[in-house]
Amino acid sequence: MHRIAQFYKVSFDEFKNGIEGEIPGMREDEIREMYDSLQLPKRATKGSAGYDFYAPFTFHLNPGETIKIPTGIRVKMENNWVLQLYPRSGLGFKYRLQLNNTVGIIDSDYYYSDNEGHIFSKITNDSNEGKELTVSKGTGFMQGIFMEYGITVDDDTEEIRNGGFGSTTK
């Protein structure tokens, strides 16, 4: 096994900004309590490939509803590695829970962005069977898998990231 990454919490201020942007009206003490109880992603078993990300708050999605979740998590990893994010298998299978960008891609340089590399997840209950989904605070809802990648022999990219979604094409 390659040991190539480490998960961290973002700062309280960054987490607070993320929560206030998605859940207006929360009091600072409620956000602080949520922040203090954040769990770093971890594998469930020795043979698991995926690191489970845990819901920082309870949420409910009716069929077709979407939510953007500030996880409060960032990851520092070696170059030439990427963290790929997927819904937890059981939630995808039972409820058709989908990440809105299909597969989340967290690049190694995202850690150094102005937002501290704060990982967000935008998910939709894509149930076509009318199933409602409730995920309780502290429950795994998404999983991340580290993958090594290569580049072309003639790659000469020198650009430096500073941002999140879509920032590498600006």
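Me: What does the side chain of D52 make a polar contact with?
Reply: The side chain of R88, at 3.4 Å. Bear in mind that this is a predicted model.

Me: Is D52 buried or exposed?
Reply: D52 counts as buried, because its relative accessibility is 9% and the cut-off for buried is under 20%.

Me: What else is D52 in contact with, leaving aside neighbours within four places in sequence?
Reply: Besides R88, the contacts of D52 are P41, K42, A44, M142 and Q143.

Me: Which strand does D52 lie in?
Reply: D52 is part of strand β2, which covers residues 51–54.

Me: And which strand does β2 pair with, and in what sense?
Reply: β2 pairs with β11, residues 140–148, in the antiparallel sense, over four bridges. One of the residues involved is Y54, whose bridge partner in β11 is G140.

Me: What holds paired strands together in general?
Reply: Backbone hydrogen bonds, in either a parallel or an antiparallel arrangement.

Me: OK, zooming out. What is the strand order in the open sheet?
Reply: The order is β2-β11-β6-β8, four strands with antiparallel pairing.

Me: Which strands stand at the edges?
Reply: β2 and β8, the latter spanning 104–107. Each has a single partner strand, so one side of each has no neighbour in the sheet.

Me: How are neighbouring strands of this sheet turned against each other?
Reply: By 30° on average, with direction ignored.

Me: Last one: which residues of β8 are on the covered face, and which on the uncovered one?
Reply: G104 and I106 make up the covered face of β8, while I105 and D107 are on the uncovered face.

How values were computed. Residues are numbered from 1 along each chain as its sequence is written. This is a predicted model: local features need pLDDT of at least 70, side-chain atom pairs count only at pLDDT 80 or more; totals for chains, interfaces and linings use all residues. Side-chain values use heavy atoms; hydrogens and water are left out. Two strands pair if DSSP finds at least two bridges between them. Helices (H or I, at least four residues) and strands (E, at least two) are DSSP runs, numbered from the N terminus. Axes are lines fitted to C-alpha atoms, for helices over the stretch in contact, and angles run from 0 to 180 degrees between N-to-C directions. Buried means under 20% relative accessible area, exposed over 50%, partly exposed in between (1.4 Å probe, protein chains only). A polar contact is a pair of N or O atoms within 3.5 Å; within protein, one must be able to donate a hydrogen and the other to accept it, and residues adjacent in sequence count only if both atoms are side-chain atoms. Contact means heavy atoms within 4.5 Å.
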